[in-house]
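Q: Got a new one open here. Can you walk me through how the pieces pack?
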Amino acid sequence: MSVFISWAEKESFSHDGALLLQNWLPDVLPNLESFVSSENVASGSLWLQSLFEHLDKAESGILCITKESLERNWILFEAGALAKWAGDKTGRVCPLLFESKTLDFPLAAFQARFLDKKDEAKSKKEMFQLIKTLNRNREKVLCLEESQLEKFFNKFWSDFWNPYVALCEKHASA
């Protein structure tokens, strides 16, 4: 399974969050392949062609949304490219809002998940919902039973949460 992780503007909160997700997701969902364009387009490649190929083959997409990234049209472009299959596969486009709870159309058409550094318990529930969706969208042979998924998720949660809170602090002071 491949998940496309969308972000806006290099060195931004959105980009740093995308990198954190890319590093953390395989711990929770073994054999998960992910694509973050800043990391996975080979030097010298035609980056736009590579981007289109990965958008087309991704089973799911996570949009890393911050207040700042909502001002970037590129997030909308990638969401639209991922959404072309949304009627065929549930949960294909998954907005993940970092420290924000506001999402306008057209992105508000997709069920979003929210992270709030001041509410770890709620953020953990939100993230587990996203992980369950990604698990359901995998090939059946790769899907984990929910009890196993929850065990992996709980085991590795702090590996996501602690760096996430640090990123919140870093970008709050930037």
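Q: Which hand is the crossing of H1 and H5?
A: H1 passes H5 in a right-handed crossing. Keep in mind that this is a predicted model.

Q: What angle do H1 and H5 pack at, and how far apart are the axes?
A: The angle is about 70 degrees, and the axes are 12 Å apart. H5 covers residues 120-136.

Q: Parallel or perpendicular, then?
A: Roughly perpendicular. Angles of 65 to 115 degrees count as that.

Q: Which residues meet there?
A: From H1, Leu21, Trp24, Leu25 and Val28. From H5, Met127, Ile131 and Leu134.

Q: How do they divide by class?
A: The contact of H1 with H5 has seven nonpolar residues, no polar and no charged.

Q: What about H1 and H6, how do the axes cross?
A: At roughly 165 degrees, and they come within 9 Å. H1 is residues 13-28 and H6 is residues 146-172. Angles over 145 degrees count as roughly antiparallel, and H1 and H6 are therefore roughly antiparallel to each other.

Q: Left-handed or right-handed?
A: The crossing of H1 and H6 is right-handed. By class, their contact has 15 nonpolar, two polar and four charged residues.

Q: What is glutamine 22 in contact with?
A: Leaving aside neighbours within four places in sequence, glutamine 22 is in contact with Ile5, Ser34, Phe35, Val36, Glu39 and Asn40.

Q: Where is serine 38?
A: In helix H2, residues 37-40. Serine 38 is partly exposed, with a relative accessible area of 22%.

Q: Which residues is serine 38 in contact with?
A: Beyond its neighbours within four places in sequence, Trp7, Lys10, His15 and Leu19.

Q: And how far is serine 38 from lysine 140?
A: They are 30 Å apart in space, C-alpha to C-alpha. In sequence they are 102 residues apart.

Q: New topic: H4. Which of its residues are buried?
A: Ile75, Glu78, Ala79 and Leu82. H4 covers residues 73-83.

Q: Why are those on the same side of H4?
A: They cover an arc of only 105 degrees around the axis, which puts them on the same side of H4. An α-helix has 3.6 residues a turn, so residues three or four places apart point the same way.

Q: What do the buried residues of H4 pack against?
A: Strands S1 (2-6), S3 (60-65) and S4 (93-98), along with helix H3 (47-57).

How values were computed: Residues are numbered from 1 along each chain as its sequence is written. This is a predicted model: local features need pLDDT of at least 70, side-chain atom pairs count only at pLDDT 80 or more; totals for chains, interfaces and linings use all residues. Side-chain values use heavy atoms; hydrogens and water are left out. Axes are lines fitted to C-alpha atoms, for helices over the stretch in contact, and angles run from 0 to 180 degrees between N-to-C directions. Helices (H or I, at least four residues) and strands (E, at least two) are DSSP runs, numbered from the N terminus. Angles under 35 degrees count as roughly parallel, over 145 as roughly antiparallel, 65 to 115 as roughly perpendicular and the rest as oblique. A crossing is left-handed if the near helix is turned anticlockwise from the far one by less than a right angle, and right-handed if clockwise. Ala, Val, Leu, Ile, Met, Phe, Trp, Tyr, Cys and Pro count as nonpolar, Asp, Glu, Lys and Arg as charged, and the others, Gly among them, as polar. Buried means under 20% relative accessible area, exposed over 50%, partly exposed in between (1.4 Å probe, protein chains only). The arc is that of the directions from the helix axis to the C-beta atoms. Contact means heavy atoms within 4.5 Å.
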